[in-house]
Amino acid sequence: MYNLGGVKFIYLGQIANRKCILNLIQIFKKVEGNWSLDIIGEGPQEKQLREMILGDSRFSYWGKLMPSEARKLLSTTDVLLQVSKLEGWGCTVNEALMYGNRVIVSDSVGSRALLRNKVDCGQIFESGNWDVLKLSLIHISEPTRRRGI
């Protein structure tokens, strides 16, 4: 088991297969620590998502929020996750960086271009390579890599 201590993660997006949110939840269930994952969005995989996180207080599913509410929640987190296997730009990455969040994105997300040569802003992983994503979660959770340090 891996340990992600005290980091607040957030996922903003559709709850759908191409967004890989269910894969993300499976990975998080394999790591220990005082972490949390806020999930905002709606879509065809909502029922599965709810079943997967039922009874695990580390996950908070907010459903669809008004943009102002989503931005308010985003401003309280440390790391945005955009793990899609198919994505255009990924505007949430822009918003997260604006709030000082770090980001982890798959190489299928167009806004990964914002992270090239900017290690302090986040990490890019190969889409579908869940082992590398897990390592990225651990790396970005190191105390010296958190917001404000």
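Helix H4 (residues 91–98) lies across S2, S6 and strand S7 (102–106), and its direction makes an angle of about 170 degrees with S6. The model is a predicted one. The chain has five helices and eight strands, and H4 is one of those that lie across a sheet of six strands described below.

**The chain as a whole**

- The chain has 149 residues, and 44% of them count as buried.
- Among the contacts with a separation of 6 or more, 60% are between residues 24 or more positions apart.

**The sheet**

- Strands of a sheet pair through backbone hydrogen bonds, and the pairing is either parallel or antiparallel.
- Here, six strands form an open sheet with parallel pairing, in the order S5-S4-S2-S6-S7-S8.
- Which are the edge strands? They are S5 and strand S8 (122–125), each of which pairs on one side only.
- On average, neighbouring strands of this sheet are turned by 15 degrees against each other, if direction is ignored.
- Helix H3 (residues 67–74) lies across S2, S4, S5 and strand S6 (79–82), and H3 runs at about 155 degrees to S2.

**Strand S4 and its neighbours**

- Strand S4 (residues 36–40) has five residues and four of them are buried, so the strand is largely enclosed by the rest of the structure.
- Strand S2 (residues 8–12) runs parallel to S4 and is joined to S4 by five bridges.
- Lys-8 has Ser-36 in S4 as its bridge partner, while Phe-9 stands opposite Leu-37 in S4.
- In a regular strand, side chains alternate between the two faces of the sheet.
- Strand S5 (residues 59–63) also runs parallel to S4, and four bridges join the two.
- Within S5, Gly-63 is the bridge partner of Ile-40.
- To get from S4 to S5, the chain passes through helix H2 (residues 46–53), and this β-α-β crossover is right-handed.

- Helix H1 (residues 21–28) is mostly covered, with six of its eight residues buried.
- Which residues of H1 are buried? They are Ile-21, Leu-22, Leu-24, Ile-25, Ile-27 and Phe-28.
- Two packed helices are described by the angle between their axes and the distance between the axes.
- For H1 and H2, the axes come within 10 Å and cross at roughly 5 degrees.
- An angle under 35 degrees counts as roughly parallel, and H1 and H2 are therefore roughly parallel to each other.
- H1 contributes Ile-21, Leu-22, Ile-25 and Gln-26 to this contact, and H2 contributes Gln-48, Leu-49, Met-52 and Ile-53.
- For H1 and helix H5 (residues 130–140), the axes come within 11 Å and cross at roughly 60 degrees.
- That angle makes H1 oblique to H5.
- The crossing of H1 and H5 is right-handed.
- On the H1 side, this contact is made by Asn-23, Leu-24, Ile-27 and Phe-28; on the H5 side, by Trp-130, Leu-133, Lys-134 and Leu-137.

- Most residues other than glycine have a negative phi.
- Cys-20 has a phi near 60 degrees, a positive value in a residue other than glycine.
- Where is Cys-20 placed? Cys-20 is in the loop between S2 and H1.
- Is Cys-20 buried or exposed? Its relative accessibility is 4%, and residues under 20% are buried, so Cys-20 counts as buried.
- Asn-34 is found in another loop, the one between strand S3 (31–32) and S4.
- Asn-34 has a relative accessible area of 62%, so it is exposed, the cut-off for exposed being over 50%.
- Asn-34 and Lys-8 are 26 residues apart along the chain, and their C-alpha atoms are separated by 8.9 Å.
- Lys-8 is also the residue whose bridge partner in S4 is Ser-36.

Technical notes:
Residues are numbered from 1 along each chain as its sequence is written. This is a predicted model: local features need pLDDT of at least 70, side-chain atom pairs count only at pLDDT 80 or more; totals for chains, interfaces and linings use all residues. Side-chain values use heavy atoms; hydrogens and water are left out. Buried means under 20% relative accessible area, exposed over 50%, partly exposed in between (1.4 Å probe, protein chains only). Two strands pair if DSSP finds at least two bridges between them. A crossover is right-handed if, with the strands pointing away from the viewer, the path from the first strand over the helix to the second runs clockwise. Axes are lines fitted to C-alpha atoms, for helices over the stretch in contact, and angles run from 0 to 180 degrees between N-to-C directions. Angles under 35 degrees count as roughly parallel, over 145 as roughly antiparallel, 65 to 115 as roughly perpendicular and the rest as oblique. A crossing is left-handed if the near helix is turned anticlockwise from the far one by less than a right angle, and right-handed if clockwise. Contact means heavy atoms within 4.5 Å.
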